[in-house]
Amino acid sequence: MANEYKCSSCGGALEFDSKTQKLICPYCGAVHDAAAYDAAAGGAAAQQQAGGSSSWNMQSDNWNVGEDGLLTYVCENCGGEVVGDDTLASTSCPYCDSPIVRASQFSGSLRPDFIIPFKLDKKEAKAKLSRFVSGKKLVPKVFKDQKHIDEVKGVYVPFWVFDADVYGEVTYNATREQNNGGQIEVGHFDVFRSGNMSFRNIPIDASSKMEDDLMDSIEPFNTNEAVPFTPAYLAGYMADKYDVSPQEGFVRADERIKKSVEEAMRNTVKGFNTATPVASNISMMQGQAKYALYPVWILNTTWQGKHYRFAMNGQTGKFVGDLPYDKSAYKRQLFSFAGIVSAIVFGALFLLWLI
Amino acid sequence: MKKMMKIYKLTLALLLLAVLTLTVCPMQLRAASDTEIYVVDNANLIADGEEAALNSRLAEISAKYDTNVIVYTDSSLYNVTPQECADAMLDSDAFKKRGGGILFMVNTEDNDWAFSTVGTGITAFTDAGQEYMIGKIKPKLSDKAYDKAFNIYADLADDFLKQAATGKPYDKGNLPKGPFQAVKDAIIAIVAGFLASLARVTKLKGETKTVKKATKATTYLVGGVTLAGAQEVYRNSEFRPVVRSTGGGGGSSTHVSSSGTVHGGSSGKF
């Protein structure tokens, strides 16, 4: 089943508005509550949500499988053909821009536990990119002036969100130095610490299409603003269902948890000059994975044949992305600043000699 | 008969003094024979003409500041230390005419140098001052350019005595400044400038990279650590000496020579 969110007043394609957190018709301005819209639709979308179908039936949601494995869908609004892969969950028609949501991708066990709706729009994402590059001295001027951005996409990225209660034991070899009658006494100690810690809402990227480091870099998301999932929030945005299993996600979460436990334990060892961990045992007492969709603006651009991808947290506005640097600007900055500092140092040395 | 006894006793006393002095520093008596001599070049390190000019120069400085500025060289110390030899030479009657002074000794047998100061020389030539002086003289000694070395010594002694006359002798933190070393300072400035600039552009380059894999989950730790156990068991101790800072005050350290006179001084190798 594919939902096309149409305005009940004029039939125009509705889009989720990040400012008002409502579905808005860009044609007549009608406003609809997202959750209420899905509930009132009462049709296929709602049935899919309530139906508890745990498997994704490609035949039943009007998407056809092509010979090359790609899925095609005929837009109900204009008849245009929409193409996607098997993780596609929300997109828009490339001809009429009508939002298309595959509700079946989020039904039953595939249904996210919660969603953080977009708080910032495309305009803010573009402005953020401009501000992001403007202060960087080594970024090529042409790149800064380049107004063309290949693509700006608002994407709901699937995340596994882990909660974990952890028990840890760490033993350290520690030393303490004190001045003892004209000599330094170095005392050696065995230091043992054990304790409990609770981690909540650790997000792990569940889409193989997104680079893990890019998604890590836009953390954190504020889960206090999360709401129960309803497909209407996806209208006007891209979305994929997860293709990284919770077990795979847990491996990354576990690594991060262990490092944090070791660091937190080390912070409790005070009054020593050195403390080197020699043994540690960290065990998960209780763990839980939740499935969530987080809002991310993805901006793509190409410069000198190389592709650059930036990401902005669609909730907090945190903007990241590796920028190109101009080698000639690097040399210019290096030598001009070196010349200035050298002149100042030489002048200072001369003044010191005069005094 | 009485007169004969007197001559006999005097001869005996002189012989005894000569033997005692020779055991400390063999050539002392040779210098003591002429009070106008300020250069005793027993090792023959400089030509006669150079020696005469240097002697004249040291005599002039000594007279100007009512002190003794002496150069003494030898090719053997006969089992006494350079410092003991320099002290004994300065203690000899020949240099007691004026109130204090400085003696610079060079022994070519073991490439020794030594300063000995006495009286007002202790104040004028502090430990830091002597270190500064030998720093300027030593390269010439190493090159065996002895005349140049002794003339540098004369110039420095003149400058140090002039400074001491102002009541603020050269000492730690108040040493004479040499000529402005433009090339050396330019190299220092260029290296410092380049390093500072390199640190800056490295930081600027780092600003272009904002994508980083998360390795911790500390942001998501709720309520910190609830400690269940904490134990610290003492195993053993080891001791090591305290390394003391060498940056003490200035002034002159002193010692007492074999004749009972208080001296300042320093010695070393070139």
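Visitor: How many salt bridges are there between chain B and chain A?
Guide: In this predicted model, the count between chain B and chain A is 4 salt bridges, each being a side-chain nitrogen of Lys or Arg within 4 Å of a carboxyl oxygen of Asp or Glu. In one of them, Glu177(A) is joined to Arg240(B), with the closest N and O atoms 3.2 Å apart.
Visitor: Which strand of chain B gives the largest share of the side that touches chain A?
Guide: Strand 5 of chain B does, with 20 residues. Strands here are DSSP runs (E, at least two residues), numbered from the N terminus.
Visitor: And which strand of chain A does strand 5 of chain B pair with?
Guide: Strand 12 of chain A, residues 183-205, pairs with strand 5 of chain B in the antiparallel sense over 16 bridges; pairing requires that DSSP find at least two bridges between the strands. Within this pairing, His188(A) stands opposite Asn236(B).
Visitor: Changing topic, how much area is buried between the chains?
Guide: About 5700 Å² is buried between chain B and chain A, and carbon and sulfur atoms give 60% of that. Buried area is the accessible area (1.4 Å probe) that two parts lose on being put together, summed over both.
Visitor: Which residues of chain B lose the most area to chain A?
Guide: They are Phe180(B), Val211(B) and Tyr220(B), together 13% of what that side buries.
Visitor: What should I know about the numbering and the model?
Guide: Residues are numbered from 1 along each chain as its sequence is written, and chains are lettered from A and ligands numbered from 1 in the order in which they are written. Local features need pLDDT of at least 70 and side-chain atom pairs count only at pLDDT 80 or more, while totals for chains, interfaces and linings use all residues; side-chain values use heavy atoms, with hydrogens and water left out.

Note on methods: Helices (H or I, at least four residues) and strands (E, at least two) are DSSP runs, numbered from the N terminus.
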